[in-house]
Amino acid sequence: MHPYGDQAMSETYANGAGRRRASSADVAALAGVSRATVSRCFTDGASIKPETRDRILAAARDLGYEPNLLARMLNKQESNIIAVLTSDFANPFQPALMEALTGRMREEGLTPLLLKGQSATESADALIQLALSYRVAAIVVTVLNASHRMIARCFEADVPLIFLNRVAEDTPAISVCVNSRSGAHRIAEVLVEGGTTRIGMISGKAGSWTNSMRRGGFRQRLDELGYDVLTSIQADFSYEGGRVAALEMMDAYPRLNAIYACNDAMAFGAMDAIRYDRGRRVPDDIAVIGFDDVPVAAWGAYRLTTIHQPVAQLVEQTIHILKRPDRGLALSEQAFLHDGHFVQRLTTSPVKLGDGDTDERDPPPA
């Protein structure tokens with residue numbers, strides 16, 4: 001006989017046949033408790049006798065019951081669901097950032113709702129509208145842009161919006177990002193000190209805050225040091241964009257001796273164009289430096305000199321905001337900038353390290 005009698009067998013059969021989804025009332029009836037007791041069983045930290053919990057869990061397993069967390073949050077007028085809007089997974093920085101962010105969210109009891117755009121150039125407005133329809137507690141946006149109107153609508157609905165890895169100027173959004181301008185300054189210093197002053201720059205897509213800071217900061221510091229960019233080509237932050245831009249630069253400027261790519265993905269493309277398409281050496285013939293320090297940058301095939309983005313710090317800052325009672329509403333319009341640091345590997349001439357810089361010219365221990 002089934003441990004809960006014939007009633008349990010018929011309930012389990014009905015649910016297994018797909019006739020209807022088991023409810024908390026079904027579980028309560030089978031376990032011989034109230035619905036409130038079932039609710040307490042599935043609420044973290046709620047007080048319930050161990051033997052009662054075991055009986056309820058056994059009944060839930062028999063009936064195939066799963067608590068409707070979304071309905072529970074809506075009934076309580078609170079949510080732990082955080083919408084995460086992103087795109088451009090071809091850029092290796094984005095998957096690394098998403099893994100770190102969503103992993104920490106889960107550790108902190110937050111539920112990430114990942115909504116991915118089709119391309120980095122599209123507006124996030126439609127995805128924000130979709131996120132709002134899910135009654136999320138907050139929205140985190142990376143890569144994508146959003147209209148001032150839609151950003152304002154989020155805060156009017158008491159849903160804070162955080163831009164991660166960029167700044168949304170003149171909007172109520174909260175911004176958490178690396179200080180890209182200071183990182184670009186350091187890159188200019190490294191190239192000049194290393195004796196490479198015939199420099200090509202591969203920038204990213206126009207109109208993005210990140211590109212503006214990495215491009216403008218580099219030009220500013222290079223000018224202060226008494227030099228100028230030999231050539232500049234706008235690409236799209238992609239590997240192929242970096243490869244094509246590097247080929248064009250080498251053809252137009254045979255004496256080019258350095259390339260600054262505004263992210264690591266484009267730097268990888270530039271390196272491969274130099275080595276495999278043109279048969280030249282990095283850094284002996286042309287030095288290459290990137291920005292982001294994605295995991296691939298340390299791999300033996302590249303050993304790329306770059307600026308390290310403090311992903312852990314960016315994520316912790318974002319989590320700190322999301323864990324506030326107001327999810328960050330009171331922090332509207334604030335920007336939290338975190339300094340990156342220079343990582344010296346094998347694609348540039350070695351220079352004297354400054355405070356915070358790291359030397360990774362030797363391969364990591366096996």
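Colleague: Is C41 buried or exposed?

Modeller: C41 counts as buried because its relative accessibility is 6%; buried means under 20% relative accessible area, exposed over 50% and partly exposed in between, with a 1.4 Å probe and protein chains only. This is a predicted model, in which local features need pLDDT of at least 70 and side-chain atom pairs count only at pLDDT 80 or more, while totals for chains, interfaces and linings use all residues. Residues are numbered from 1 along each chain as its sequence is written, and side-chain values use heavy atoms, with hydrogens and water left out.

Colleague: On to the sheets. What is the strand order in the open sheet of six strands?

Modeller: The order is β2-β1-β3-β4-β5-β11, with parallel pairing. Strands (E, at least two residues) and helices (H or I, at least four) are DSSP runs numbered from the N terminus, and two strands pair if DSSP finds at least two bridges between them.

Colleague: Which strands stand at the edges?

Modeller: β2 (111-116) and β11 (335-338) do; each has a single partner strand, so one side of each is left without a neighbour in the sheet. From one strand to the next, the twist averages 20°.

Colleague: How many bridges pair β1 with β3?

Modeller: Four, in the parallel sense, between β1 (residues 81-86) and β3 (residues 138-141). Within this pair, L85 stands opposite V141 in β3.

Colleague: And β8, which way do its side chains point?

Modeller: In β8 (residues 258-261), A258 and Y260 point one way and I259 and A261 the other, and all are buried. In a regular strand the side chains alternate between the two faces of the sheet.

Colleague: Which strands run parallel to β8?

Modeller: Four bridges join β8 to β6 (residues 199-203), with G200 opposite I259. Three bridges join β8 to β9 (residues 287-289), where A258 stands opposite A287.

Colleague: What unit do β8, α12 and β9 make?

Modeller: With helix α12 (residues 264-277), they make a right-handed β-α-β unit: with the strands pointing away from the viewer, the path from the first strand over the helix to the second runs clockwise.

Methods
Axes fitted to C-alpha atoms, helices over the stretch in contact; angles between N-to-C directions.
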